[in-house]
Amino acid sequence: MPGATIIWDAHACFPLRFDADLSDLQRYKQAGIHYTSINVGMDYNSIEEVLRVIANFRYWIAQHASDYILVQSTADISDAVANNKMALSFDLEGSVPLMNDLHMVSCFYNLGVKQMLLAYNADNSAAGGCWGKDNLGLSHFGCELVQEMNRVGMVLDLSHMSVAASFDAIDISTQPVVFSHSNPKSLADHPRNITDEQIEACAKTGGVIGINGIGRFLGNNDTSTQRVVEHIDYVVNLVGDEHVGIGLDYQIDIDELLAYKKAHPEIYPPEDSAVEPRYVAPEQFPEIIVELRARHYSEIAIANIMGENFLRIAKQVWQ
Ligand SMILES: [Zn+2]
């Protein structure tokens, strides 16, 4: 289909359960999405929990091999698209599950984790989080982690990190970096959103900013397709269509998320959790293309935004 050679969602949240059920991926597939990165854990998950989630997700995907494939290379993505399968990989939100061990980067990478952010909202041993204290940058371990991710081919994701940590990581990384699911603060002033300077610095690495579909981060809890495209438009005007993508951050199980939020006030400030959770649905992906066309985006620009940009990052970074 012109304008959508590959449709890519850089971050999706399925229930982190040991009896994995990823059958809601059908909604993504039916919406025409070719590739999704599935979260397998956050900073408050233990290494044991993350490994069990990965094992169970891998098993589920293998049991549904006629529709889905866990990719190890970008050639696998092309094969998946050619064979009408959905391509999947995993991402980690935070580096605590690595237990300060650099060798875990390649271990997780080989298990399918292709993208990781260093700190999830709160500060940790590697980096400051966006809700941490004193805008901490990267620690010595955090710097080593960036170098190891570059070496192994894991995409460095700066979403959820402090401003200082994101700039430190950009300075050190020899590869393009991404904000897989973060919106411009200029359109919605929220601690999870990012400044124009962060957007520009990310783009300068050759990186991509994935627009997030959570209502609080879009502003006024507005999850309309028009609002998503306003965010796309803003970042395109700032850094160009080669640096914008989509990381919808859709939550399949909102009750699970609410339970996490209640259990971890140190990571999710209660005042933020008080807002009714609203999400842009995967079914809105085709509407985004329609809206971009209505705004006279070229077919090349639409293809870039819908997936080619994130595919370019994978081709450059994955080993
Ligand atoms: Zn997130």
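**View 1. Strand β4 (residues 86-93) pairs with β5 in the parallel sense over four bridges.** Pairing requires at least two DSSP bridges between two strands. Helices (H or I, at least four residues) and strands (E, at least two) are DSSP runs, numbered from the N terminus. Glu 93 stands opposite Leu 117 in β5. Strand β5 covers residues 113-117 and is mostly covered: five of its five residues are buried. A residue is buried if 20 or more other C-beta atoms lie within 10 Å of its own, exposed if 12 or fewer, and partly exposed in between, with C-beta atoms placed from the backbone.

This is a predicted model: local features need pLDDT of at least 70, side-chain atom pairs count only at pLDDT 80 or more, and totals for chains, interfaces and linings use all residues. Residues are numbered from 1 along each chain as its sequence is written.

**View 2. Ile 61 sits in helix α2 (residues 47-63).** Ile 61 is buried, because 20 other C-beta atoms lie within 10 Å. Leaving aside residues up to four places away in sequence, Ile 61 touches Tyr 68, Leu 70 and Leu 88. Contact means C-beta atoms, placed from the backbone, within 7 Å. Ile 61 and Leu 88 are 27 residues apart along the chain; their C-alpha atoms are separated by 8.8 Å.

**View 3. Helices α9 (residues 225-239) and α12 (residues 285-294) cross at roughly 60°, their axes coming within 9 Å.** That angle makes α9 oblique to α12. Axes are lines fitted to C-alpha atoms, for helices over the stretch in contact, and angles run from 0 to 180 degrees between N-to-C directions. Under 35 degrees is roughly parallel, over 145 roughly antiparallel, 65 to 115 roughly perpendicular, and the rest oblique. The crossing of α9 past α12 is right-handed. That term applies if the near helix is turned clockwise from the far one by less than a right angle; anticlockwise is left-handed. Thr 225, Gln 226, Val 228 and Val 229 of α9 meet Glu 287, Ile 288, Glu 291 and Leu 292 of α12. These contact residues divide into four nonpolar, two polar and two charged. Nonpolar covers Ala, Val, Leu, Ile, Met, Phe, Trp, Tyr, Cys and Pro; charged covers Asp, Glu, Lys and Arg; the others, Gly among them, are polar.

**View 4. Asn 84, not a glycine, has a positive phi of about 55°.** Most residues other than glycine have a negative phi. Asn 84 lies in the loop between α3 (74-82) and β4. Asn 84 counts as exposed, with 10 C-beta neighbours inside 10 Å.

Key: Contact = placed C-beta atoms within 7 Å.
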